[in-house]
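Biologist: Can you take me through this one? I would like to start with the rings.

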Amino acid sequence: DREGAFACRVILSIPAVRGAGGLHILPGLRSPEGITALLDGVSPGPFAVGFVLAAACGYAALMLLENVVNKGRLLYFAFYCALAGTAGLLYFNLIAL
């Protein structure tokens with residue numbers, strides 16, 4: 001069923017997301033200063049606000065995607081992906097040069 005498939009996909013994505021984050025953090029942890037070098041000049045307030053907002057946006061996106069999958073309206077999501085992909089290609093290949 002669609003609900004089970006969506007839940008399985010979300011759970012399967014967690015190790016990939018954590019692994020990608022780890023690959024970006026590990027080089028900084030291997031330095032002599034460790035975690036202090038990664039957070040140098042970053043005050044905890046904006047860092048915490050960014051973390052909470054990113055988590056909330058991610059959760060909202062997952063809920064929206066779950067709604068789209070459960071209602072069987074993936075065609076709308078396909079159009080969105082095509083539009084966002086085209087806009088990204090145009091931006092990064094034409095404008096950002």
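Modeller: This is a predicted model. The structure holds two aromatic pairs.

Biologist: What are the ring distance and plane angle for Y91 and F92?

Modeller: The ring centres of Y91 and F92 lie 4.9 Å apart, and their planes meet at 80°. Planes over 60 degrees apart count as edge-to-face, so the pair of Y91 and F92 is edge-to-face.

Biologist: Why give both a distance and an angle?

Modeller: Because a pair of aromatic rings is described by the distance of the centres and the angle of the planes.

Biologist: Is F92 buried or exposed?

Modeller: F92 counts as exposed, because its relative accessibility is 58% and the cut-off for exposed is over 50%.

Biologist: Which residues make the nonpolar surface patch?

Modeller: Y91 and F92 belong to it, together with L90, L94 and I95. The patch covers about 580 Å².

Biologist: Where is Y91 placed?

Modeller: Y91 sits in helix α4, which runs over residues 74-95.

Biologist: Zooming out, how many helices and strands are in the chain?

Modeller: The chain has four helices and zero strands. Along the sequence the pattern reads α-α-α-α.

Biologist: How much of the chain is buried?

Modeller: Of the 97 residues in the chain, 5% are buried. The accessible surface of the chain is about 8,100 Å², and carbon and sulfur atoms account for 72% of that surface.

Biologist: Different topic. What span should helix α3 have?

Modeller: Helix α3 covers residues 44-71, which is 28 residues, and at 1.5 Å a residue it should span 40 Å.

Biologist: What follows α3?

Modeller: G72 comes after α3, and its phi is positive, near 75°.

Biologist: One more residue: what is N70 in contact with, leaving aside neighbours within four places in sequence?

Modeller: N70 is in contact with R2 and E3. N70 itself lies in helix α3.

Biologist: What separates the C-alpha atoms of N70 and A5?

Modeller: The distance is 9.8 Å, although N70 and A5 are 65 residues apart along the chain.

Biologist: And what does N70 count as for accessibility?

Modeller: N70 is partly exposed, because its relative accessibility is 28%, and the buried class needs under 20%.

Conventions: Residues numbered from 1 in each chain as written. Predicted model: local features only at pLDDT ≥ 70, side-chain atom pairs only at ≥ 80, totals over all residues. Heavy atoms only, no water. Phe/Tyr/Trp six-rings, centres within 6.5 Å; stacked < 30°, edge-to-face > 60°. Buried < 20%, exposed > 50% of the residue type's maximum accessible area, 1.4 Å probe, protein only. Patch = residues over 30% accessible without salt bridge, like charges linked within 9 Å, V, L, I, M, F, W, Y side chains within 5 Å. Areas by Shrake-Rupley, 256 points an atom, 1.4 Å probe, with all protein chains shown as cover. Salt bridge = Lys/Arg side-chain N within 4 Å of Asp/Glu carboxyl O. Helix = DSSP H or I, 4+ residues; strand = E, 2+ residues; numbered from the N terminus. Expected span 1.5 Å × (residues − 1). Contact = heavy atoms within 4.5 Å.
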